[in-house]
Amino acid sequence: MNRKIFIKARDLFLHLFFPRTCFCCGRDIPKSNPALLCRECLLKLERCEGLICRRCGLPLKNGGAYCFNCRGGKASKYKCSFIRSSLVFNEPSRSLIHSFKYEKYTDISKFFAALMYKTYKENPPYFEADFLMPVPIHTRRLRERGFNQAFLLAKELSKLNGVEVNDILIRTRKTKSQTSLGRAERKENIKDAFALKAGADVKGKAFILIDDVCTTGATLEECARILKENGAREVLALTALRE
Ligand SMILES: [Zn+2]
Ligand SMILES: [Zn+2]
């Protein structure tokens, strides 16, 4: 049989019995293609780089050094001194995170970790860090979901950059979803939601907080506040997506 016809027939067979579709638009993907997204959706993924805020990594349409929330000396008042994200939050990146978190396609963590490793390597402030620290979720949510997405991202990233995962930060109360909340409400909602495990010592250590999505940075800031108040030297953050 002609090889091309053979491949087509094989893909058709595989597709009939083991259909594979794009995680974003649902278009068929040939079984021989290991990508998570179809070509069109892959092309829409956008790296979060170029014109971004020097502290929080927010994309800045009109350029400048800092975003509104970090400019005018405000950058130095944050406990989390540096945030970068790998991809801009858009339709295909959101679909991937959604399938990862809510449909339990945990292998997607490897895809994001590879991108986060690239972001890590491009930003020297990260090189001083002693530990990766996943943003914790509440134990009740952990039981429902079966895993903490931030922990899986940290674990996969750690395999690539060799920085140890440290999960001594815990969630002390279950908070409302931040999705529908504004900036001030998010800050209030997440306040005092974290603590260190009993006996944990973070003195003099530098951490990279790891999470799936950064929106206003309120969650990262609250984690950083706990770490800094307990003597951490530096707290940076790296997320898969930036909203
Ligand atoms: Zn697609
Ligand atoms: Zn900023």
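Predicted model: local features only at pLDDT ≥ 70, side-chain atom pairs only at ≥ 80, totals over all residues.
Residues are numbered from 1 along each chain as its sequence is written, and chains are lettered from A and ligands numbered from 1 in the order in which they are written.

Phe68 sits in the loop that runs between helix H2 (39-44) and strand S1 (82-88); helices here are DSSP runs of H or I with at least four residues, strands are runs of E with at least two, and both are numbered from the N terminus. If you look back from Phe68 to Cys41, you go 27 residues along the sequence, and the two C-alpha atoms are 31 Å apart in space.

Let me now step back to the whole chain. The protein chain has 8 helices and 7 strands, and its radius of gyration of 20 Å is close to the 18 Å of the globule rule for 243 residues, so the chain is as compact as a globular protein of that length; the radius is taken over C-alpha atoms, and the rule is 2.2 Å times the number of residues to the power 0.38. The C-alpha trace spans about 70 × 45 × 35 Å along its principal axes, and 35% of the 243 residues count as buried. Among contacts with a separation of 6 or more, 70% are between residues 24 or more positions apart, a contact being two residues whose C-beta atoms, placed from the backbone, lie within 7 Å.

The chain is assigned two pieces, domain 1 (1-44) and domain 2 (46-242), with bounds that come from an automatic or database domain assignment. Their centres, taken over C-alpha atoms, are separated by 33 Å. Where they touch, domain 1 contributes 6 residues and domain 2 contributes 8 residues. On the domain 1 side, those residues are 5 nonpolar, no polar and 1 charged, where nonpolar covers Ala, Val, Leu, Ile, Met, Phe, Trp, Tyr, Cys and Pro, charged covers Asp, Glu, Lys and Arg, and polar covers the others, Gly among them.

Next, the strands. Which strands does S6 pair with? Strand S6 (residues 206-214) pairs in the parallel sense with strand S2 (residues 131-134) over 4 bridges, and likewise in the parallel sense with strand S7 (residues 234-242) over 8 bridges, pairing being called when DSSP finds at least two bridges between two strands. Met133 has Leu209 as its bridge partner in S6, while Asp211 stands opposite Thr239 in S7. S7 also runs parallel to S1, to which 6 bridges join it, and there Thr239 stands opposite Ser85. As for burial, 8 of the 9 residues of S6 are buried, 9 of the 9 residues of S7 are buried, and 5 of the 7 residues of S1 are buried. S6, helix H8 (residues 218-229) and S7 together make a right-handed β-α-β unit, right-handed meaning that, with the strands pointing away from the viewer, the path from the first strand over the helix to the second runs clockwise.

Finally, two loop residues with backbone angles worth a look. Most residues other than glycine have a negative phi. Lys104, however, has a positive phi near 65 degrees; Lys104 lies in the loop between helix H3 (91-102) and helix H4 (108-122), and counts as exposed because it has 12 C-beta neighbours inside 10 Å. Asp192 also has a positive phi, of about 60 degrees, although it is not a glycine. Asp192 is placed in the loop between helix H7 (183-190) and strand S5 (194-196), and with 11 other C-beta atoms within 10 Å, Asp192 is exposed.

Notes. Buried ≥ 20, exposed ≤ 12 C-beta atoms within 10 Å, placed from the backbone.
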